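Here is a friendly briefing to read alongside the model. Please keep the viewer open as you go through the topics.

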Amino acid sequence: MLTNAAGAALGFRTASHAYYWGLFGNTFLPSIVGGDVVRAGVALRQAGSRSGLLLGSLVDRVQDVVGLGALAGIGALLSPRALDAASRRIFLGFVVLMALLALGGMATLWFFPARRLPFRYRRKLVQVRRAIRATAAKPHALAAAFGLGLLLQAALVVLNWQLGRLMGIDIPLYVWLFVWPLAKIAGLTPLTQGGIGVREAAQAALFAPFGVGAVKAVATGLVFQAVIITG
């Protein structure tokens, strides 16, 4: 939906093929965005607009992070022990900062004086601007994609909550809404393959105030990774 909104003109079969190759690539590449490069590379030859494909992939990742932040915010509001008053302000400030950075990046691409660049780069920038214009003209597609992504992330939180219950972590679902999205955001750090280890360490630290031991927190994360990789 997002790449086609930007003008990539991908068929559903091609998009599915590229998407699952991207998920598979996440297993072997740094961070959880390494698969984004694989996904774009697989679909590149079939895309009607390369700029549209790359922009759509970028918007997809940005919406993913924003959705995770929204879920974590809901969990923080529902869980009185998740954040104290000062930490809540820091968390909300971080969310606002990320939104401003995203808007600033888009504005820079839009208003950058392309005429000062050599023709080769100017042509590429014009293509990017066309993709941005095409995406902005379809706000319904952006909203639908964001809603579906939020639903998917919420379903993954429920899945982890159920896995945690099976492993003896008996805490409310709203705590998972706070912990799991932030741990996944931590997995964006390009230190390990697929963010494995970084995400589990963050999960253990975030669970600590709720009385969940580090061993169970890490074990639940690894079991979830086994489920995802097997799938």
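**Pocket, cavity and rings in a helical model**

The largest pocket holds about 1600 Å³ of space. Among the 49 residues lining this pocket, Tyr 19, Leu 23, Arg 39, Asp 60 and Leu 152 are the closest to its centre. This is a predicted model, in which local features need pLDDT of at least 70 and side-chain atom pairs count only at pLDDT 80 or more, while totals for chains, interfaces and linings use all residues. Residues are numbered from 1 along each chain as its sequence is written, and side-chain values use heavy atoms, with hydrogens and water left out.

**Fold and confidence**

- The chain has ten helices and zero strands; both are DSSP runs numbered from the N terminus, with helices being H or I of at least four residues and strands E of at least two.
- Along the sequence, the pattern reads α-α-α-α-α-α-α-α-α-α.
- Of the 231 residues in the chain, 38% are buried (buried means under 20% relative accessible area, exposed over 50%, and partly exposed in between, with a 1.4 Å probe and protein chains only).
- Mean pLDDT (the predictor's confidence in each residue, from 0 to 100) is 79 for the chain, and 79% of its residues reach 70 or more.
- Confidence is highest in helix α7 (residues 139–166), at a mean of 90, and lowest in helix α6 (residues 119–136), at 64.
- Where pLDDT is low, the predicted coordinates should not be read in detail.

**The largest pocket**

- On a 1 Å grid over the protein atoms alone, a pocket is an open set of points with protein on both sides within 12 Å along at least five of seven lines, whereas a cavity is a set where a 1.4 Å probe fits but cannot get out; lining residues have an atom within 4 Å of a point.
- Grid points are joined across faces, edges and corners, and a volume is the space filled by probe spheres set on the points.
- Helices that each supply at least two residues of the pocket lining are α1 (2–5), α2 (12–26), α3 (34–43), α4 (50–78), α7, α8 (173–186) and α10.
- Helix α2 gives the largest share of that lining, ten residues.
- By class, the pocket lining has 25 nonpolar, 17 polar and seven charged residues (Ala, Val, Leu, Ile, Met, Phe, Trp, Tyr, Cys and Pro count as nonpolar, Asp, Glu, Lys and Arg as charged, and the others, Gly among them, as polar).

**The cavity**

- One cavity of 30 Å³ or more turns up in a search of the whole structure, and the largest cavity holds about 40 Å³ of space.
- Its lining consists of Trp 180, Arg 199, Glu 200, Gln 203, Gly 221, Phe 224 and Gln 225, which divide into two nonpolar, three polar and two charged.

**Aromatic rings**

- The whole structure has five aromatic pairs (rings of Phe, Tyr and Trp, taking its six-membered ring, with centres within 6.5 Å; planes under 30 degrees apart count as stacked, over 60 as edge-to-face and the rest as tilted).
- One of them joins Tyr 19 and Tyr 20 edge-to-face, 5.5 Å centre to centre with 85° between the planes.
- Tyr 19 counts as partly exposed because its relative accessibility is 35%, and Tyr 20 is exposed because its relative accessible area is 56%.
- Phe 24 and Phe 28 have ring centres 5.1 Å apart and planes at 70°, so this pair is edge-to-face too.
- Ring pairs link Trp 21, Phe 24 and Phe 28 into a cluster.
- Arg 165 lies over the face of Trp 161, 5.2 Å from the ring centre (a charge sits over a ring if NZ of Lys or CZ of Arg is within 6 Å of the ring centre and within 35 degrees of the ring normal).
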